[in-house]
Amino acid sequence: MRSQAAKLKEIMQQKREEKGTPEFNASSTRTIAIASGKGGVGKSTFTVNFAYNLRKLNKEVLIIDSDIGMANLDIMLGVQPNYDMGHLLRGECSLDDAVIEGPAGIKLLSGITGDDSFIDIQNDAMQKLIELGDQIEKNYDYLLIDLGAGAAKSIVNTILAAEELILLLTTEPTSVMDSYSLIKILANHEYHKSIKLVINQTEDEKGAAKTAKRIIKTVKNYLDLDLTLVGSIAHDRKISAALRKQKPYAEIFSNRKAARDFEKVARKIAGEEKEQQASGVKSYFHKMVGFFNKHVK
């Protein structure tokens, strides 16, 4: 007699076949979307310094800059990419050509500049995406996807496709409300994964904890989703100086409190045991194509 686990596996496989979703091998690469409900909360600065601290932990990190229309990670890292993912999918360059190395060995890949570009090429690019995902899984421990602010369709789709989500907000009421609005949209799309909260630009840890407690309780009560506070980052005017120097703040101001905060968050997330095996980068790309296919039908 077959075990319940075997029966469950068969049922899940049937569901995947009905949806046209292939079963990819489990991967050790963690795919993390980094989002915010509104602009001006320091999301890209967080992404750069999170990546820097993962590198300090000897992790290989690739960032995809997916902030359509406002991509600025190349400027923050002091690099000039010659190619983006669009070039990759059209076969105009290799992954090695498109990925550019920044400070501390952080690797950056510029995303496609707009949804339409992805839609135009996606029918011929599925195999290229799977091959790209395979290369990323072989070479990187983390794929960080730096998203634009807000809740545009492309942002929501990316969050739904990624394995994990870090949501950045501040203690300001507008930031809290916009974050709640984004979470509500995710809930309407049957999002069920735990969301990692980072409270940024804080004046004191007590205020950050109060903000986190309020939104965690509200989301649980009204949307039945779990939020987890992974840390807060102190406000520091020296972050502007780091931006001017085009270096990670945590690298050049390593003794300041915010730098220690970035390190704590990175260590906490890196130290987490996965609740389940990672679905992998190939699965992420496949889901993204599925969302865009649905969008144009």
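In which hand does helix 8 pass helix 9? The crossing is right-handed, and the legends below take you there.

**View 1. The whole chain, a predicted model.** The chain holds 13 helices and 8 strands, taken as DSSP runs numbered from the N terminus (helices H or I, at least four residues; strands E, at least two). Of its 297 residues, 51% count as buried, that is, under 20% relative accessible area with a 1.4 Å probe, protein chains only. Residues are numbered from 1 along the chain as its sequence is written, and side-chain values use heavy atoms, without hydrogens and water. Local features need pLDDT of at least 70 and side-chain atom pairs 80 or more, whereas totals for chains, interfaces and linings use all residues.

**View 2. Helix 8 against helix 9.** The axes, lines fitted to C-alpha atoms over the stretch in contact, belong to residues 173–188 and 205–223; they come within 11 Å and cross at roughly 30°. That makes the two helices roughly parallel (angles under 35 degrees, on a scale from 0 to 180 between N-to-C directions). In contact (heavy atoms within 4.5 Å) are, among others, Val-176, Tyr-180 and Ile-183 of helix 8 and Ile-215, Val-219 and Leu-223 of helix 9.

**View 3. Helix 2 against helix 12.** Here residues 43–56 pack against residues 257–270 at an angle of about 65°, with the axes 9 Å apart. Helix 2 also passes helix 12 in a right-handed crossing, meaning the near helix is turned clockwise from the far one by less than a right angle. Among the residues that meet are Phe-46 and Phe-50 in helix 2 and Phe-262 and Ile-269 in helix 12.

How values were computed:
Buried means under 20% relative accessible area, exposed over 50%, partly exposed in between (1.4 Å probe, protein chains only). Angles under 35 degrees count as roughly parallel, over 145 as roughly antiparallel, 65 to 115 as roughly perpendicular and the rest as oblique.
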